[in-house]
Every structure is written in C-alpha cells, then in structure tokens.
Amino acid sequence: MKRPLWLWLVYGSALAASGVSVWALLIQFAIVPPPYGLIPPLNLSEPDGLFVDWQLAAISQDPALCERVVISSPLVSAERVSAMPEREGCGWANAIRLNAVDNIEVNASPIDCGTAAAMALWLTKVVAPAARETLSTTVRKITHFGTYACRNIAGTPWRSVHSKAAAIDVAAFATSDGSNLSVRRHWKGKDDRARFLHSIADGTCRYFRSALTPAYNAAHHDHFHLDRGWGITCR
C-alpha cells in the first residue's frame, strides 16, 4: 500500500528528532565532541544561555579557554595548577586553584577548570541571590571536604569523578553577619537557613551534571556533592 506524503514527512521528522537526541546524548557523555566552534565562549559575567553545559565542557577540555574565561575573569581569583598525568584512572589535565569567586572564599585545589567555572556560575547566580533574598546577608566563604581523591565510587568498581578533580563536596557557608550554615545541621530545619540550603540545591543542576544532597542518601547527610562527570543525577 502506498503511504501518503504527510506520513513520510512524519516518519522523517521523527527520525531526525531521534538522531538529534542520540547525538546530544553522545555529546553529553563525552563520546563525541560537541561543535564547540559553533558556540560562543562562556562569559561568567553575563546571563548564561541554552548551551551552558557545552560551554562548561569546552572549558574543561581547552586550557587556553580556561585561561581566557575563568582565570582572567574579574569575578575570579585563581591560578593554574600543573597537570598530573592520569595513572590508574586518576589525575587531571586542566585544573586550577580556585581561591575566590566575587569575594566568596572557596580555596579549592586542584579543581577541573570547567567545574571551577560551574562553581563560579552557581555561587554568583544562585547562592549569592538566595543569601540576599532568604537571609538578608551575603556569603563570604564556603567550606568543602575537598575536590581530588583517587578513589572509586563507594561500593562500586568505578572511579569517582573526584579522581579527575571534577567534583567538590560543599559542606557549609559562612555569611557576612557571622552565621555559619551547615548542611549537616540545617538541611532538615524549618527556618530560613533550611530554605536557603534547599533553594541553592535546587539550582545546582543548571551548572553541574550531578548534584547529590542529603535527600539522595545517608552518605550525603553533611554535604552537597557537585560534579561535572558523565552521570546526570539531581537529588
């Protein structure tokens, strides 16, 4: 039976949409490179757009772009960290020491440059506004449990994203009014501190591919695990 033209158009559109979806997933999981040349470089001072995940991935893969976008940004205090060639699944090629972002002390080293850029966006576009709106103050420092660790994901044979210095475990926030907001102590509360923590957790996966909070499991009861790895988990 001869099919009508409109049906072939429907089939063609569905096939094209499927192809685009598969291509996007291959890019997301770093199986094929994104068309970085067609995407403008990220600017940490401007509103982020539709391709922010690809822009962050480009920074991770390109040391020159890291220098231009992150290290040279007026919002960031950072310097280059020497590469550590990968050995047994651990190491990094394009990492920095992230001292501060817009007067928020971070002190994270080594940290993959794309992950550092994601931190800069999260701190300036999510954390800082939430502190002003919810707590009527500013964040002056974050406390974290580290970035690089040559280890597997607990209970699995797979290397953690920490083994590539592409993750950070954020535990607490010190504010300008002298308060210290701890994920461990304040996540389950009912006050403004808990609302602040939940609000900034909700904004993590705009910039990180995985964001694990106390809502995920007991192992994350005292921190937010934020990473730019392959997985996509926001909980």
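Reader: What covers the buried residues of H3?

Author: The cover includes helix H2 (52-61), strand E1 (76-81), strand E4 (95-101) and helix H4 (113-135). Helices (H or I, at least four residues) and strands (E, at least two) are DSSP runs, numbered from the N terminus. This is a predicted model, where local features need pLDDT of at least 70, side-chain atom pairs count only at pLDDT 80 or more, and totals for chains, interfaces and linings use all residues. Residues are numbered from 1 along each chain as its sequence is written, and side-chain values use heavy atoms, with hydrogens and water left out.

Reader: Which residues of helix H3 are called buried?

Author: In H3 (residues 63-71), they are Leu-65, Cys-66, Val-69, Val-70 and Ile-71. Buried means under 20% relative accessible area, exposed over 50%, partly exposed in between (1.4 Å probe, protein chains only).

Reader: Why are the buried residues of H3 said to line one face of the helix?

Author: Seen down the axis of H3, they fall within an arc of 160°, so one face holds them. The arc is that of the directions from the helix axis to the C-beta atoms.

Reader: What makes the pair of Phe-173 and Phe-196 edge-to-face?

Author: Rings of Phe, Tyr and Trp (its six-membered ring) pair if their centres lie within 6.5 Å; planes under 30 degrees apart count as stacked, over 60 as edge-to-face and the rest as tilted. The centres of these two rings are 5.6 Å apart and their planes are at 90°, so the pair is edge-to-face. Both Phe-173 and Phe-196 are buried.

Reader: Why is the pair of Trp-187 and Phe-224 called edge-to-face?

Author: Their ring centres are 5.7 Å apart and the planes stand at 80°, so that name applies.

Technical notes: Contact means heavy atoms within 4.5 Å.
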